[in-house]
Amino acid sequence: MITIGVAAALLLVLVTWGLRWRRASQTRRDWHNCLLLVTILGLVYAALHNGRLVPGGGDDLFYLSVARNLARSGRYIWNGSPVTKVPPAWPLAISWLMRLSTLFAVLDLLPMLLCLLAAAIWYWVLRNFASPARSFTVALIGATLFHWHRSSCHFYSEAMFSPLLAGALLVALRIRDGKGGARRILLLVLLCASMVMVRYAAVLFWPVIAGALVSKQLRLPWDRRVLAAALTSLAFAGTFFGVWTALQTNARKELARLQAQLAELPEGSAGSAALQACASATDTDLAKRSRKLKRLTSPQIATRLRQTLASGRWLARLLWPPTQLDRRWGALALVANTAGWALIALFLFAGLEAARNGEWIWMGEALHCAAFAALWSVPNGRYLAPTAPLLLLGIWRGAEEVSRLPWLARYSRHVCAANRVLLASVLLCNGLIWAFSAAVVHSERFQTLCMAGEYGELVAVAEFLTSNSLADGGLAIAPATSSGQRRYAWHRLASRTANLLTDRIVVTCPPGLAECPPNDELVRWAGKCAVRFYLGRAPSAPARQWHIRLPSSEERTSGPGSVPAFFELYEFSEGEVHKVRLPSKAGEVTRVPGLD
């Protein structure tokens, strides 16, 4: 509660000071543009809400489950195990609202309002570099990107992170202009620390903040802008290691407590399987976090270089989300990477030109994006969404700078026209995705269409398990390596949905035993561990991209037939196994389960 109060007070102070900072230079047109921007985006975001749980893919369900545990018991846990992978600020914010209401119609207001706040602040950030019309256009396109507008209806941490980042940039630019009093420097430091409390990856945004601070001529060594940049670096690093150490310490204490409880229970007793699963998950997670930190901080020059060369795919996935299909088609990956690198070249050209005039925020943004590309093995446009307006404006400025080159003077019209086509294609692509999402959300067949029916199946499974008095550890889910699945996305979605909707601890069965339908070894393991139900991936489960089911090779050759299921649920009873027949239509999820 204290953390949420401090964050709310900081945002209130930021908005209040924002009204005063540029009052002398602000025009009525600026305020009209900002109000129009918020109005348009409010209508756009509201169309993505239906008063029910609208899942995004797994991470949002994880945050909801953690927030429920915080609201109910104050414990920072998921599925019975302490959380170490994410900082606590965003789940704390959701839990605070859950104490007021468990209706998703109310909870959905939090990410939507935060996304609107981020867009409004970004407009004033962009006004430092562009005209009112251009700032409005870029802020509107950036806030309607798929990876931005999805955060307004799903519970991703970007909803809270984006306004904090935009606010920090606004404060940094004010300090850059020579009005960096002690209060504003302190506010900037607190905003940077708050960013890390939301996402560990916030430390990679320091070059953007530092670039905004030192954009003009400095009076070394005691310039306040240099002091502010140094203090923000300490805020990022200190908060990161402080939160990381605190969560790791808490996890080790929780592991010791779980092992002590497990030692007091006889093997095979009720609840022993759930405790064993929690202890094993905690131990595995601690080791995994340590390995990941070592991997991210190790040189691995060849790997970093190879991943950096794929930077174009990051930008392509941000601006044109369907390019995520490049995982299936190598030719599309080549096209996406090439197009992305062309845009990166425009951005870098504009950044170098700006650096000659003492503006370093653009090169700071380039370093931030390069760090993400070098450290993450899989391109994800969602991680670049918080600074999307800055990227779009940089690309726009780059196209203009290129059109002014002497040897391209005769083609300047064509370059400007190509830039307009580029922005229009981004708006059209993401606008069509938004329209399709809104149609799915408000359809009478919502659960059948959402995630191509995969979400509806999981809701039906959860309803059946709840009606049959599922106990902690009574549901086992096949691991991600079973059924020939190379990715763990389906396992993550299934385990997190089951945990949220049943409010029970779920376990993962050993990889060597996972079969669908279950074999004799799996049945014996289930009897030994007091597991009553088993959820496996159907052998004929179709591939899916977003809300669209991709036809299998058999369907492409023989034509469509019966729609295959994504999951199969089995019940163990007295050494025998029975397949559960699930209802074709499940109920609606309008409240957070377990808090009524």
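## Helix packing in the predicted model

In this predicted model, the residues of helix α10 that count as buried are Arg184, Ile185, Leu187, Leu188, Val189, Leu191, Cys192, Ala193, Ser194, Met195, Val196 and Val198. Helix α10 is thus mostly covered, with 12 of its 17 residues buried. Its length is in agreement with expectation, because 17 residues at 1.5 Å a residue should span 24 Å, and the end C-alpha atoms of α10 are 25 Å apart.

The chain around this helix has 596 residues, of which 57% count as buried, and it contains 24 helices and nine strands. Of the contacts in the chain between residues at least 6 apart in sequence, 77% join residues at least 24 apart.

| Helix pair | Angle between axes | Distance between axes |
|---|---|---|
| α10 (residues 182–198) and α12 (residues 224–264) | about 30 degrees | 8 Å |
| α3 (residues 59–73) and α22 (residues 489–502) | roughly 30 degrees | within 9 Å |

Helices α10 and α12 pack at an angle of about 30 degrees, which makes α10 roughly parallel to α12, and their crossing is right-handed. On the α10 side, the contact is made by Ile185, Leu188, Val189, Cys192, Ala193, Met195, Val196 and Met197, while α12 contributes Arg224, Ala228, Leu231, Thr232, Ala235, Phe236, Thr239, Phe240 and Val243. By class, the residues of this contact between α10 and α12 divide into 14 nonpolar, two polar and one charged.

Ala237 also lies in helix α12, and this residue is partly exposed, with a relative accessible area of 34%. The C-alpha atom of Ala237 is separated by 8.8 Å from that of Val196, although the two residues are 41 residues apart along the chain.

In the second pair, the axes of α3 and α22 cross at roughly 30 degrees, and these two helices are therefore roughly parallel to each other. Helix α3 passes α22 in a left-handed crossing. Here Asp59, Leu61, Phe62, Leu64, Ser65 and Arg68 of α3 meet Arg492, Leu493, Arg496, Thr497, Asn499 and Leu500 of α22, and the contact of α3 with α22 comprises five nonpolar, three polar and four charged residues.

Helix α19 is treated separately, through its length and its buried residues. This helix covers residues 412–441, and its 30 residues reach 43 Å from the first C-alpha to the last, close to the 44 Å expected at 1.5 Å a residue. Its buried residues are Val415, Asn419, Leu422, Leu423, Val426, Cys429, Asn430, Ile433, Ser437, Ala438, Val440 and Val441. These buried residues of α19 pack against α7 (132–143), α8 (146–149), α15 (311–319), α16 (330–356), α18 (388–403) and α20 (446–449).

Within helix α19, Asn419 may be examined individually: this residue counts as buried because its relative accessible area is 7%, which falls under the 20% limit. Leaving aside residues up to four places away in sequence, Asn419 touches Ile395, Trp396 and Ala399.

Key. Residues are numbered from 1 along each chain as its sequence is written. This is a predicted model: local features need pLDDT of at least 70, side-chain atom pairs count only at pLDDT 80 or more; totals for chains, interfaces and linings use all residues. Side-chain values use heavy atoms; hydrogens and water are left out. Axes are lines fitted to C-alpha atoms, for helices over the stretch in contact, and angles run from 0 to 180 degrees between N-to-C directions. Helices (H or I, at least four residues) and strands (E, at least two) are DSSP runs, numbered from the N terminus. Angles under 35 degrees count as roughly parallel, over 145 as roughly antiparallel, 65 to 115 as roughly perpendicular and the rest as oblique. A crossing is left-handed if the near helix is turned anticlockwise from the far one by less than a right angle, and right-handed if clockwise. Contact means heavy atoms within 4.5 Å. Ala, Val, Leu, Ile, Met, Phe, Trp, Tyr, Cys and Pro count as nonpolar, Asp, Glu, Lys and Arg as charged, and the others, Gly among them, as polar. The expected span of a helix is 1.5 Å times one less than its number of residues. Buried means under 20% relative accessible area, exposed over 50%, partly exposed in between (1.4 Å probe, protein chains only).
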